[in-house]
Amino acid sequence: MKKLLITLSIALCFNALQAQTTIVDAGIVINMPDVNNEEHQKLLQQRAKECVKQMNDYISSMTATQKNGHPTVNDRYKFRKAAIALFLNEGDSITLENGTKGAPVMMETTSKNSKGRTIKTTRPVKEYFDRLIKMIVEKRTYTDVTITSTDIEAMDVTNIKKVGDRYQCVVSYSQDFIGRRGELTAYADRTKKTITVWFVAEKTIWGDDLIPKLGDIAAGETTRL
Amino acid sequence: MNKVLILITVFISFNINVYAQVIIGSGDSLFQSRIKLVESFMNRFNNRENLIGLFDSEMLGSEKDSVYKAAQQFAKDATKSGAKLNFADTSWFAIATCAGKYKGKSVDFILILNVETYGKDLYKWVVAKAQGDFFSLTPPKNDNTLITPLAHETNFMELSRIKAESILSVSQKRYELDQTAVFYTMINSGLLNIEYVSELQFMFLQLPGWIFTIKEFERQTYNAGWLITSIERINDKDKRLILNNLYYEK
């Protein structure tokens, strides 16, 4: 109920903040935010952070083990599906105007090679989630894993930038990974991540609205804990 | 072009390795205090919010240190000048060290990127310069490739014998290769793939009399995130030289 009231108040607040500019995209008349308007900025920034938080919660649930919930494999894939739904085009490639296929939404991860040099690997976000679940289910490396991320209050977000007819911002957060073997912590690290959040026009029960959709996720250097 | 890249490279090389004291266990508060985004750095600089705190503390040393004194002067000048850092400015740029694959072999190279406007409230990053040893197309040692003096009598048939790695052996003495054009060609022809950015720095020229660089420090201390890693006094003439070369102005 509380969540519904918050959503309602945000929607009403957004309608009250409508700027004059409108465009037509896929048959939907979108009320465009004014990127120079501080209230518009704050509203969209808050939506972006909430969306990122939601994704992080799904990742925690997707990878939860006996110590923190022990979901079934089916449950894990339900959380994966819910997380994927938060991404632009559900993480898949987008067909560009010229008919060519663009890249899917990508997740960057970091590791160190034998020389101590940081190596970055980029893979589609869907594949990243599959690998996470596989790691948990197979228990080859760790018997128990905990993945936690920063709360909304600790996230930072850039101003909203216009890109063609769309809008984007970037949210930064930190992710802690703890892998255990039995009772012992075998590995723990902290990685700073930055994620692009796009705003996509969608029809909602409140009317036409800009909905945050997640894009590429970049990883900073990993710090061992 | 080369002069500018040398200047930038020398400037970057002033970076100091940091061995930070690690604090574990207060993840959220540490993360909250760090300068997580470049935009946050710019906001803090513009608000003149503890300018000395925007420096990599390991670089500063003690208050008696010359670097610390220079930083104090930098902060004083910044406050006095009122200079602001804005995303849309043409006087800042990114220096991205990239890891890529050239014909399947791992290579490192540098791309310099700047912000360009393409309409009202519309901006994008563009590649201004590329720098990498393999962009210079240096011919192999003892390469004797040349187009012989009478080649004109045989329809310059020898041109078909020029090997890829020897292409500069047949160029004019005064020919100056544009590494950025080579970069574009390699990407366009599928010879080079960019895999990821392994190191990222930003150079700012907005503050009169100074040039400074920031980079991100990943460490579990309160002095972390995007921090000033080098400062240097610079005159207007050298600033103009850098910017003119960046924007191909004659």
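Helices here are DSSP runs of H or I of at least four residues, and strands are runs of E of at least two, numbered from the N terminus. By that rule, A:Arg80 sits in helix H3 of chain A, residues 73–84.

Some housekeeping. This is a predicted model, where local features need pLDDT of at least 70 and side-chain atom pairs count only at pLDDT 80 or more, while totals for chains, interfaces and linings use all residues. Residues are numbered from 1 along each chain as its sequence is written, chains are lettered from A and ligands numbered from 1 in the order written, and side-chain values use heavy atoms, without hydrogens and water.

Back to A:Arg80. Its relative accessible area is 15%, so it counts as buried (under 20%; exposed is over 50%, partly exposed in between; 1.4 Å probe, protein chains only). Beyond its neighbours within four places in sequence, A:Arg80 is in contact (heavy atoms within 4.5 Å) with A:Met62, A:Lys126, A:Phe129, A:Asp130 and A:Ile133.

Now the interface. 25 residues of chain B are in contact with 32 residues of chain A. The two chains bury about 2300 Å² between them, 51% of it on carbon and sulfur atoms; buried area is the accessible area (1.4 Å probe) lost on putting the two parts together, summed over both. B:Phe31, B:Leu37 and B:Tyr196 supply 26% of what chain B buries against chain A, more than any other three residues.

There are four salt bridges between chain B and chain A, a salt bridge being a side-chain nitrogen of Lys or Arg within 4 Å of a carboxyl oxygen of Asp or Glu. B:Lys36 forms one with A:Asp156, the closest N and O atoms being 3.7 Å apart.
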